[in-house]
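Colleague: I would like to go through this model with you and ask where its labels come from. Could you show it first?

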Amino acid sequence: MKQPNWLLQRADLTPDRVALIYQDKQWTFRELALEVEQLSHRLSSTLLKKGDTVALFMNNHPQMVMLVHACFLLGLKIVLLNNKLTKAERQYQLEDAQAVALLTEPHFAKEHKGDLPIYTVDTLPEVQQDQGVQLVKAFDLAETATIMYTSGTTGRPKGVEQTFGNHFHSAVSSALNLGIGENDRWLIALPLFHISGLSALFKSVIYGMTVVLHQKFDVDEVKDSIKQHRVTMISVVQTMLSLLLRELEECPSSLRCLLLGGGPAPLSMLEESKQKGFPVFQSYGMTETCSQIVTLAPEFSVEKLGSAGKPLFGCELKIHDGERTCHPFEHGEIMVKGANVMKGYLRCEAETAAAFDQDWLRTGDIGYVDEEGFLFVLDRRSDLIISGGENIYPAEIEAVLLTHPHVREAGVTGIYDEKWGAVPAAFLVTDEKVAVSELYDLCQSHLAKYKWPAAFHFVDELPRNASNKLQRHRLKSKEFLDD
């Protein structure tokens, strides 16, 4: 099934409606489409061709927005690179995705010089539009649009293939849940290389909705932007919500939705949100589901404390114990189904097959539903650490620490942190004394800074079950933290 190119059709339907606001500049959908078409012609002169995979390594900026749409006009698949990763982490993703070029900014370009062809908007050739370029004016919904890497619980990064259909149905399901208002404006301060940020970008052209783009979350800038631009919706993680509550005595009158991801908020934060009139919609989703797939409306935020809510329209969930669907309050694996669920993992047939049971995606998360069907998540991907909205996988950190010649065993778990919600802590069994500075040097060369353990604990042994499997949850117990 095919659909008209979202941006081109939107520019035809509502050409004079504001599409994008960034700092003191704005673009209508007509203006955005014209700039994107010009950019696509410049991209085509680099010999990139339909079906190629290119990597995008940029900060939140209008140029990134335009490059995403320009790549789609040329039929290019896009790998979104997290700019917090180390060069080694990015290099793995570039090679695994078989990216043929890197689209980036000047200050990032030097980091991968010589690895593959690199282009910035400034270095792309200036060309005449009339050069016979075949632009892709209709999307095949089954085709891969974007690829985002996720480590899962194994620590081995896998490319999640997100189709045009996945993104479209995610936007539609969200609209059926949150509604669409004529004056809606969605503020994006989360990175566009994350599904939370990128999904709002696609909602913009599908809904005909203005996006107010910020390079990063600065509470004063965001607060002023909400007021100036009459923002109605914003995607946040717990740390962002906390800062907004600290700075504002009441919710700005224009805001009708704060879509909260990255794990459930504590009761005190929800109560303060309710008291100040902040309409917080808690949600549950992942890269594999193209953003939220379960959402809790604000009227249930206190009554259903800790719940992620119910599936979006057109989506389903069930709790399965490996043999049967669980009854209410029985714990099991969360499984979800919907047209927004990924195509699969890039060139990982075995992992893709293992992730699905027919049309149901095995999330790897453990949870339960109550008697009314509200989902409660007990473990995010078993041992996943969510720190300031970033996903951190313990196995990835453990693998790095185990490369030290004197580290015999390594276990990593998340511990509470007032600022970030959670941070990693490492527990090590060594055969001789190891300087903590050596361990930080090791992490610095292999891991993004937000993945570095906040503390190292040296122990005699790690908690394991009868099958010798590491029990990370036990690392949080007093016997280990007091060691």
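Modeller: Here is a short talk about the labels and the values behind them.

Modeller: This is a predicted model, so local features need pLDDT of at least 70, side-chain atom pairs count only at pLDDT 80 or more, and totals for chains, interfaces and linings use all residues. Residues are numbered from 1 along each chain as its sequence is written, and side-chain values use heavy atoms, with hydrogens and water left out.

Colleague: Thanks! Why is the pair Asp16 and Arg30 called a salt bridge?

Modeller: A salt bridge is a side-chain nitrogen of Lys or Arg within 4 Å of a carboxyl oxygen of Asp or Glu. The closest N and O atoms of Asp16 and Arg30 are 2.5 Å apart, and the pair forms a salt bridge. Asp16 lies in the loop between helix H1 (6-13) and strand E2 (18-22) and Arg30 in helix H2 (residues 29-44), so the pair ties together parts that are 14 residues apart in sequence. Helices (H or I, at least four residues) and strands (E, at least two) are DSSP runs, numbered from the N terminus.

Colleague: What makes Asp16 exposed?

Modeller: Buried means under 20% relative accessible area, exposed means over 50%, and partly exposed lies in between, with a 1.4 Å probe and protein chains only. Asp16 has a relative accessible area of 55%, so it is exposed. Arg30, with 39%, is therefore partly exposed.

Colleague: How many salt bridges does that rule give?

Modeller: The count comes to 20 salt bridges. One of them joins Arg256 to Asp184, with the closest N and O atoms 2.7 Å apart. This pair links distant parts of the chain, 72 residues apart: Arg256 is in the loop between helix H9 (238-247) and strand E14 (257-261), and Asp184 is in the loop between helix H6 (164-178) and strand E11 (185-188).

Colleague: Why is Asp184 called buried?

Modeller: Its relative accessibility is 7%, so Asp184 counts as buried. Arg256, at 30%, is partly exposed.

Colleague: How do you know that Lys304 and Glu372 form a salt bridge?

Modeller: The closest N and O atoms of Lys304 and Glu372 are 2.5 Å apart, and they form a salt bridge. Here too distant parts of the chain are linked, 68 residues apart: Lys304 sits in the loop between E16 and E17, and Glu372 in the loop between strand E22 (360-369) and strand E23 (375-379). Lys304 counts as buried because its relative accessibility is 7%, while Glu372 counts as partly exposed at 41%. Elsewhere, Glu89, Glu396 and Lys451 are linked in a network of salt bridges.

Colleague: How do you know that the length of helix H7 (residues 195-207) agrees with what it should span?

Modeller: The expected span of a helix is 1.5 Å times one less than its number of residues. The 13 residues of H7 should span 18 Å, and its end C-alpha atoms are 17 Å apart, so the two agree.

Colleague: And what makes H7 mostly covered?

Modeller: Twelve of the 13 residues of H7 are buried. Among them are Ile195, Leu198, Phe202 and Tyr207. H7 is followed by Gly208, whose phi is positive, near 80°.

Colleague: Why is Asn82 called buried?

Modeller: Asn82 counts as buried because its relative accessibility is 10%. It lies in the loop between strand E5 (77-80) and helix H4 (87-97). Asn82 touches Arg90, Phe193, His194, Glu390 and Tyr450, leaving aside residues up to four places away in sequence; contact means heavy atoms within 4.5 Å.

Colleague: What about Thr239, buried or exposed?

Modeller: Thr239 counts as buried, since its relative accessibility is 17%. This residue of helix H9 touches Gly388, Lys419 and Trp420, not counting residues up to four places away in sequence. The C-alpha atoms of Thr239 and Gly421 are separated by 7.2 Å, although the two are 182 residues apart along the chain.
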